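Please walk through this model from the whole chain down to single residues. Keep the viewer open as you read.

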Amino acid sequence: MKMKKYTADTMVEAMKKVRADFGDEAVILSSNVVTSKGFLGFFQKKSVEVVAGFDEPSFTQSTTSFIPKQTAEVVDLKQDAEIRKEMNEMKRLLQEMKQSASFANFPDELKPLLTFLEKQELSEQLTLQIGNEIFTLMKEEKKDFSTEEQVELAKTFLTKEFSDLPFGGISTTKKYINVLGPTGVGKTTTIAKIAARSLLEDKKKIGFITTDTYRIAAIEQLRTYANLLQAPVEIAYNSKDFEEAIRKMQDRDLIFIDTAGRNYKEIKFVDDLKRLIDFSLDMESFLVLSVTSKEEDMRTIIDKFTSFPIKKFIFTKVDETGSIGPMFNLMKEYGIGTAYYTDGQEVPEDLTEADLERMLTLLLAGAEHA
């Protein structure tokens, strides 16, 4: 393979030089942003350094025709492995190039924190805003901030960004607690955790209504929790059943409604839910989302529920992921706060009532050692 190093002011200029020498078949082997030294970390000149290569064919089609079939298969397997390896390396390099381009205007001292936030999957917009905020202060005060100081500044910025959103659990001023969400996010267990807290800590008389009549296991699971909490449970197959269940539980302080876990990407199931539950009641509704889901999938679910009076999000399975940035991305995008997040299956222990300070500490945990 022929290799050559290129230096240019921008990645675009570097790529033009690569194409001029090697054409479109060139492979980018590495790329770095090189910074010249400056006074107190400022007035530095940045340039892009790229190592590119071109792999010339080592044999022609005619020579391969003489390779025995079994040997050719082994060669093909090795080639496939090499191709996969090269593709993975190219993906990694492309990601680094994208990151370098995004963070190119920031000093090296800031990049570890920004990279950490990127790995947490915090949106590019929020990450760059944090970078600009800290960099502006660095220039104003003519000093470099320690990593700990950068983390505190990031927390201060995010506190301002999210301070207008509501956080915290159920209000207890509403009689009906409605929990919505797709299948597999842990709605039933989450309801049991909230109900247990209401019973044990707030001394509320509780009851359950389930509309999840599609899965016998879901009904039995809720019945198990209800028995442990010595609370009644009613099953609503239709709107009349729902009205009857409401009538039977008038003596309860709080009634928790466990809705069916369905694929709410299909509008039919959303419409069924509207017909079944009377949302005009003294009710507050929460949308449960699993943080282990793709952010785009969570966004699709939220879009389907925009016609419902969603008060706050409940995020589950926080302990099963290493990146919780999407929680903040969705809150920011939809202007909806968070009531709880869960980090395990234990009832009622693995349930945390959300507040902004606690969630930001969770997001930035480990940033000092990034």
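This is a predicted model: local features need pLDDT of at least 70, side-chain atom pairs count only at pLDDT 80 or more; totals for chains, interfaces and linings use all residues.

Residues are numbered from 1 along each chain as its sequence is written, and side-chain values use heavy atoms, with hydrogens and water left out.

Start with the whole chain. The protein chain has 13 helices and 11 strands. Helices (H or I, at least four residues) and strands (E, at least two) are DSSP runs, numbered from the N terminus. The chain has 370 residues, and 43% of them count as buried. Buried means under 20% relative accessible area, exposed means over 50%, and partly exposed lies in between (1.4 Å probe, protein chains only). Take the contacts in the protein chain with a separation of 6 or more: 74% of them join residues 24 or more positions apart. Contact means heavy atoms within 4.5 Å.

Now look at helix α4, residues 111-119. Its buried residues are Lys111, Leu113, Leu114, Thr115, Phe116 and Leu117. Glu121 follows α4 and has a positive phi, near 65°.

Helix α7 covers residues 187-200. Its 14 residues reach 20 Å from the first C-alpha to the last, close to the 20 Å expected at 1.5 Å a residue. The expected span is 1.5 Å times one less than the number of residues. Is α7 enclosed or open? It is largely enclosed by the rest of the structure, because 11 of its 14 residues are buried. Among them are Lys187, Lys193 and Ser198, along with Ile191 and Ile194.

The loop between α7 and β5 (206-210) holds Lys203. Lys203 is exposed, with a relative accessible area of 64%. Its phi is positive, near 60°, in a residue other than glycine. Gln230 sits in another loop, between α8 (216-228) and β6 (233-235). Gln230 is also a residue other than glycine with a positive phi, near 55°. Its relative accessible area is 74%, so Gln230 is exposed.

Gln250 is in the loop between α9 (239-248) and β7 (254-258). Gln250 counts as partly exposed, at 45% relative accessibility. Leaving out residues up to four places away in sequence, Gln250 touches Lys175 and Tyr176. Gln250 and Gly207 are 43 residues apart in sequence, yet 9.7 Å apart in space, C-alpha to C-alpha.

Finally, turn to two helix pairs. Axes are lines fitted to C-alpha atoms, for helices over the stretch in contact, and angles run from 0 to 180 degrees between N-to-C directions. The axes of helix α11 (residues 295-304) and α12 come within 11 Å and cross at roughly 35°. On the α11 side, the contact is made by Glu295, Met298, Arg299, Ile302 and Asp303. On the α12 side are Pro326, Asn329, Leu330, Glu333 and Tyr334. By class, this contact has 5 nonpolar, 1 polar and 4 charged residues. Ala, Val, Leu, Ile, Met, Phe, Trp, Tyr, Cys and Pro count as nonpolar, Asp, Glu, Lys and Arg as charged, and the others, Gly among them, as polar.

Helix α12 (residues 325-334) also meets helix α13 (residues 356-364), where the axes come within 9 Å and cross at roughly 135°. That makes α12 oblique to α13. Angles under 35 degrees count as roughly parallel, over 145 as roughly antiparallel, 65 to 115 as roughly perpendicular and the rest as oblique. Gly325, Met327, Phe328 and Met331 of α12 make the contact with Leu356, Met359, Leu360 and Leu363 of α13. These residues divide into 7 nonpolar, 1 polar and no charged.
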